[in-house]
Amino acid sequence: MEEMIVILHGAFLLIFGVFLSGSFVDLHLDRKNILTLFWVCLLLGLLQTITLILWGEDITWLVYPWITHLPLVVFLHMYYHKKWSTSIVAVASTYLCCQPSKWFGIISSYLGASLVNEYIIRWSVLFFVAIIIVNYLTPYLSQIYLREDRSVILLGSVPLTYYIFDYSVGIYTDLWLSNNPIVAEFLPFFLCVSFLVFAMVYYKENEEKMDAKRKEKIIHLSIEQQSKEMEVMKHKEYKTRLLRHDMRVFLSDLYLSIEKGQKDEALRMIRNYMDSVESTVIPKYINDPMVDHVIASYAERCECEGIDFVSIIEVDTIEVDEVILCSILSGVLENAVVDQLSCPTDMRSIKLVMRKQCDQLLVSISEPLLEIPMFIDGMPIDKNDRHSTQEIRHLVERLGGTCEFSMKDQMYIFRALI
């Protein structure tokens, strides 16, 4: 009875391992792949049975990696053309996923469950884990395991290390039962190292993701502004045609006014015509197109919201990363616009200054505020509807600069040297 249960458990583990490894390498479990994996299970099961009959259970467990795991890795690589790293990590990950079943079985045995009940619990947990992993985990893990070797090995380092550790101290040697403190503390040490490496990689990838989002936002803003400028250009082109058409009438009226000695009337007509000409000019703030689009977008928004927007820009070119600079400008200007909408109409204003100072780019944005914000360690406390000032400072520091937020005479000032 006991021998039959152990054999049946081995069959369940084999099916679990083969099908889960296939899922980890992004095999769709359709009819063809299910049949293929089923034949793999039969062949590996036959190989295990022959080894068990010829050399016994102890030898079978010793050579298990060579008669089960290695053939499965080779099969995934040769038949499905998966990378070696992907195949190895997939099999090691599957081995790690067998541990919940083993752990629950040990608990049930410790609590006094019979052998039959223990293995029923093991099989139930195995089935439950398989359903959860195949439906909710493998769609994501399989995509990571198909990436470049660096990502595969980095994520697979935990299951690979556990696989080697388990066979080294639990099957090929008795170190796990020797109460050796080095062995006992290895897994906590490895988990610590894995956590630190994961934290660094996660931070780097998160930065890249945030940069991509910022670039997408700036490009979207630039496209919107270009579209608006095209409409404005069409309108001003129409006004220019009207001015050229009215030029003959204007010169004729101007000639008559001068001939009659009506100097003031002539001057008035000239001023009006000059104002009309000026209205056809499209404002340009800086030579860098992306930065110019961001500034122009917020200048137009300020005009619509009744906010007096003043810009003093004394730089011709931008020598820093324009995407990060645009993110800084858009973040601070967005906060300023939100702040000014809560101020009385007669005091709404935003002043932008950009100029060179000591071979660095000085960016200053100031605005009047009725309510003085709370500062902690020189940083204002962020409101829910504002861009994070901590993120703005982080972006400035990424450009090798420094920034400060301050209040002076009811003026809230952001200054950055980049």
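Which strands does helix 12 (residues 322-341) lie across? In this predicted model, where residues are numbered from 1 along each chain as its sequence is written, local features need pLDDT of at least 70, side-chain atom pairs count only at pLDDT 80 or more, and totals for chains, interfaces and linings use all residues. Side-chain values use heavy atoms, with hydrogens and water left out.

Helix 12 lies across strand 1, strand 2, strand 3 and strand 7, and runs at about 10° to strand 3. Helices (H or I, at least four residues) and strands (E, at least two) are DSSP runs, numbered from the N terminus. Axes are lines fitted to C-alpha atoms, for helices over the stretch in contact (heavy atoms within 4.5 Å), and angles run from 0 to 180 degrees between N-to-C directions. Helix 11 (residues 289-305) lies across strand 1 and strand 2 (349-357), at about 155° to strand 1.

The sheet itself is open and mixed, with five strands in the order 1-2-3-7-6; two strands pair if DSSP finds at least two bridges between them. Strand 1 (308-313) and strand 6 (402-408) stand at the edges with a single partner strand each, so one side of each has no neighbour in the sheet. From one strand to the next, the twist averages 10°. Strand 3 (residues 360-368) and strand 7 (residues 411-417) run antiparallel and are joined by seven bridges, and Leu 362 stands opposite Leu 417 in strand 7.

Turning to helix 6 (residues 115-145), Pro 139 is found here. Pro 139 counts as partly exposed because its relative accessibility is 40%, between the limits for buried (under 20% relative accessible area) and exposed (over 50%; 1.4 Å probe, protein chains only). Its C-alpha atom is separated by 8.2 Å from that of Ser 23, 116 residues apart along the chain.
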